[in-house]
Structure formats: structure tokens, C-alpha cells
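This report describes a protein model in plain terms. Look at the structure below before reading on.

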Amino acid sequence: MLGNIFGNSSNNLSQQGVDFLSSSSGNSAFHALNPNQQNALLNSFKTTDTFGGISDFLGSSQFGNISAGVGAIGGIIQGIGGWDSARKQLKEQKRMNNLLHSQWQEELRRYNKYEAQRDEASRVINDSAKYYTPPTQKTDNANP
């Protein structure tokens with residue numbers, strides 16, 4: 001009878017509606033009822049499942065526990081996969097750092113080699129310049 005007040009003759013309101021009615025912040029008309037009327041109203045909104053079987057299992061706490069377990073196993077598997085990917089990435093990063101270091105060493109060796117060649121060439125040029133004496137007079141071949 002009280003279920004019909006809210007336009008529900010088939011008793012199919014959601015659990016959220018029942019929670020709202022029973023909460024202290026809910027409808028003040030609900031709280032104006034005496035406790036027996038409140039219980040009757042709440043009981044009239046409970047859903048009844050006439051199908052049984054799989055519907056009972058899906059609504060049960062066992063299904064929730066199984067779902068939580070499957071989710072936890074999935075999280076563990078993702079964690080292991082992430083750890084493995086991070087390990088591979090760190091290994092590749094170390095390899096790249098070693099390659100970069102060897103390339104830098106090779107370039108440094110080449111630079112030092114060319115720098116030594118340039119210094120040797122400059123020394124040879126300076127040594128030969130010691131023996132050069134520039135002419136002090138300009139000779140004019142046109143007017144002897």
C-alpha cells in the first residue's frame with residue numbers, strides 16, 4: 001500500500017532509492033512515519049528475483065568476491081608486465097649509454113689525433129719560417 005504512494009506497484013525500485021529513503025538526509029516525510037510504517041515501506045521496495053539460478057549468483061557476495069579476486073590477479077599480472085618492461089628498458093638504456101660513451105671516446109681520440117697533426121704542421125711551418133729572410137729592396141725589372 002505504501003509502495004503505491006510513490007507510484008510503484010511492482011516493487012522494482014533500485015537499491016539507491018531505498019538507501020535514499022533510509023538515510024537521515026532523505027525525505028522528511030519518510031522520517032515522519034513511525035518505525036513500523038518505515039519498515040513496511042522499505043520492505044515494499046525490496047526487489048524480488050523470480051528467475052533464480054544465474055541471477056542469484058550474479059547478485060551474491062560470492063560473485064563479488066570472485067570478481068575482486070580476478071581483478072587482483074589481473075593487477076598482479078599487469079604489475080609483473082610493467083616490472084619486466086621497466087627492466088628491459090633499463091637494460092636498453094645502459095646499452096645506449098655504453099654506446100654513447102664509446103662514440104664519445106672515439107671522437108675524442110680523433111680530435112686529439114688531428115690536433116696533434118695540426119700542431120706538428122704548425123711547428124714545421126714555424127721552423128721553416130725561421131730560415132726565410134724577406135727581401136729588403138724591391139727590384140724593378142722594367143727600369144734597370
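In this model, Arg110 and Glu107 join their side chains in a salt bridge, with 3.1 Å from N to O. A salt bridge here is a side-chain nitrogen of Lys or Arg within 4 Å of a carboxyl oxygen of Asp or Glu. Side chains of opposite charge can pair when their charged atoms come close. Arg110 and Glu107 are 3 residues apart in helix α6, so about one helical turn separates them. Helices (H or I, at least four residues) and strands (E, at least two) are DSSP runs, numbered from the N terminus.

The model is predicted: local features need pLDDT of at least 70, side-chain atom pairs count only at pLDDT 80 or more, and totals for chains, interfaces and linings use all residues. Residues are numbered from 1 along each chain as its sequence is written, and side-chain values use heavy atoms, with hydrogens and water left out.

**Salt bridges in helix α6**

The structure holds 10 salt bridges. Arg123 and Glu120 form one of them, and these two residues also lie 3 residues apart in helix α6, about one turn of the helix. The table gives the N to O distances.

| Salt bridge | N to O distance |
|---|---|
| Arg110 and Glu107 | 3.1 Å |
| Arg123 and Glu120 | 2.4 Å |

Arg110 is partly exposed at 38%, and Glu107 is partly exposed at 44%. Arg123 has a value of 41% and is partly exposed, as is Glu120 at 38%. In the remaining pair of the table, Asp127 is partly exposed at 30%, whereas Lys130 counts as exposed at 65%.

**Aromatic rings**

The charged end of Arg87 sits over the ring of Trp83, 5.5 Å from the ring centre. This label requires NZ of Lys or CZ of Arg within 6 Å of the ring centre and within 35 degrees of the ring normal.

**The chain as a whole**

The secondary structure consists of 6 helices and 0 strands, in the order α-α-α-α-α-α along the sequence. Of the 144 residues of the chain, 9% count as buried. The chain exposes about 12,300 Å², and carbon and sulfur atoms supply 57% of that area. Accessible areas come from the Shrake-Rupley method with a 1.4 Å probe; for residues, only the protein chains shown count as cover.

A contact means heavy atoms within 4.5 Å. Among contacts in the chain with a separation of 6 or more, 46% are between residues 24 or more positions apart.

**Confidence**

Where in the chain is confidence lowest, and where is it highest? The score is pLDDT, the predictor's confidence in each residue, from 0 to 100. Helix α1 (residues 2-5) has the lowest mean, 45, and helix α6 (residues 61-130) has the highest, 93. Over residues 1-16 the pLDDT is below 50, and this stretch has 20 contacts in the model beyond near neighbours in sequence. For the chain, the mean pLDDT is 75, with 57% of residues at 70 or more.

Key: Buried means under 20% relative accessible area, exposed over 50%, partly exposed in between (1.4 Å probe, protein chains only).
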